Amino acid sequence: LDRWRQAREGEGQVVLLSGAPGIGKSRLVLALRERLRDEPCTILRYHCSPYHTNTALWPVIDQLERAAGFLPHDPPEARLDKLEALLGQAAPNLGDAAPLLAALLGIPTQGRHPGAELAPQQRKGRTFDVFLAQLEGLARQRPVLVVLEDAQWVDATTTELFDLAIDRLQRLCALLVVTLRPEFQPPWTTHTHATLLTLNRLG
């Protein structure tokens, strides 16, 4: 909550919550969300999975699908409509955000967004830019709580993206809470705006 107050004032913060399985990391995150229930804020939740450690940006794909409200029977046009509506919440001028994220989610744009041909590395860089622009756009409207759960299973591309996000986040009204197991050595502990909290068992 102290780090949240700092983040709310424009000093973005990162809290790394380390503890053994079942010790209560997710419960603490839930308690934080409950405490912020009456505050104007945006909550973004990303979940890492042991089944997708080699799937690039899987936590981001999962979050976008949930936030957009995709349903299993939605046709591609409906998914594209929902994705555009979601992106418009942070930045009314979509630019090439929609076709890039549609490609990430496997949604055909059917001529609505004729995208430029990009090399794989260029496409990844532009997709990262869209993600960061969305985060900044949301943080300009109201404080943002970002939760990255079970980071011990994070894929390499998501790690690369969050490296950039954590650098950018220091200047935003945003708090990133990362839950992880002790065997995982997160690459973000050296940042001055990062705090490592280790949960030990009670006597």
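Biologist: What volume does the largest pocket have?

Modeller: Happy to start there: this is a predicted model, where local features need pLDDT of at least 70, side-chain atom pairs count only at pLDDT 80 or more, and totals for chains, interfaces and linings use all residues. Residues are numbered from 1 along each chain as its sequence is written, and side-chain values use heavy atoms, leaving out hydrogens and water. A pocket is an open set of points, on a 1 Å grid over the protein atoms alone, with protein on both sides within 12 Å along at least five of seven lines. Filling the points with probe spheres puts the largest pocket at about 400 Å³.

Biologist: Which element gives the most to the lining of the largest pocket?

Modeller: Of the 22 lining residues (those with an atom within 4 Å of a point), L44, Q63, L86, Q134 and L138 are the closest to the centre of the largest pocket. Two or more residues each come from β2, α3 (58-68), α4, α5 and α6. By class, the lining has 15 nonpolar, six polar and one charged. With six residues, the top contributor is α6.

Biologist: Which element provides the largest share of the lining of the second largest pocket?

Modeller: This pocket has a volume of about 310 Å³. Its lining holds 15 residues, and L1, V15, L28, L32 and L197 are the closest to the centre. The elements giving two or more are α1 (2-8), β1 (13-18), α2 (25-35), β4 (174-180) and β5 (194-198). The largest share, five residues, belongs to α2.

Biologist: Which element gives the most to the lining of the largest cavity?

Modeller: A cavity is a set of points where a 1.4 Å probe fits but cannot get out, and the whole structure has one of 30 Å³ or more. The volume of the largest cavity is about 50 Å³, and its lining is made of L44, Y46, F131, L135, V146, F162, A165, L169 and L176. Two or more of these come from each of β2 (42-47), α6 (120-141) and α7 (156-169). With three residues, the leading element is α7.

Biologist: Now the helices: is the crossing of α4 past α5 left-handed or right-handed?

Modeller: The axes of α4 (residues 76-90) and α5 (residues 97-104) come within 10 Å and cross at roughly 125°. Residues L80, L83, E84 and L87 of α4 are in contact (heavy atoms within 4.5 Å) with A97, A98, L101 and A102 of α5, a set of seven nonpolar, no polar and one charged. The crossing is right-handed.

Biologist: And is the crossing of α5 past α6 left-handed or right-handed?

Modeller: Here the axes lie 10 Å apart, at an angle of about 115°, which makes α5 roughly perpendicular to α6. A97, L100, L101, A103 and L104 of α5 touch R123, R126, T127 and V130 of α6. By class, that contact has six nonpolar, one polar and two charged residues. This crossing is left-handed.

Methods
Axes are lines fitted to C-alpha atoms, for helices over the stretch in contact, and angles run from 0 to 180 degrees between N-to-C directions. Helices (H or I, at least four residues) and strands (E, at least two) are DSSP runs, numbered from the N terminus. A crossing is left-handed if the near helix is turned anticlockwise from the far one by less than a right angle, and right-handed if clockwise. Ala, Val, Leu, Ile, Met, Phe, Trp, Tyr, Cys and Pro count as nonpolar, Asp, Glu, Lys and Arg as charged, and the others, Gly among them, as polar. Angles under 35 degrees count as roughly parallel, over 145 as roughly antiparallel, 65 to 115 as roughly perpendicular and the rest as oblique.
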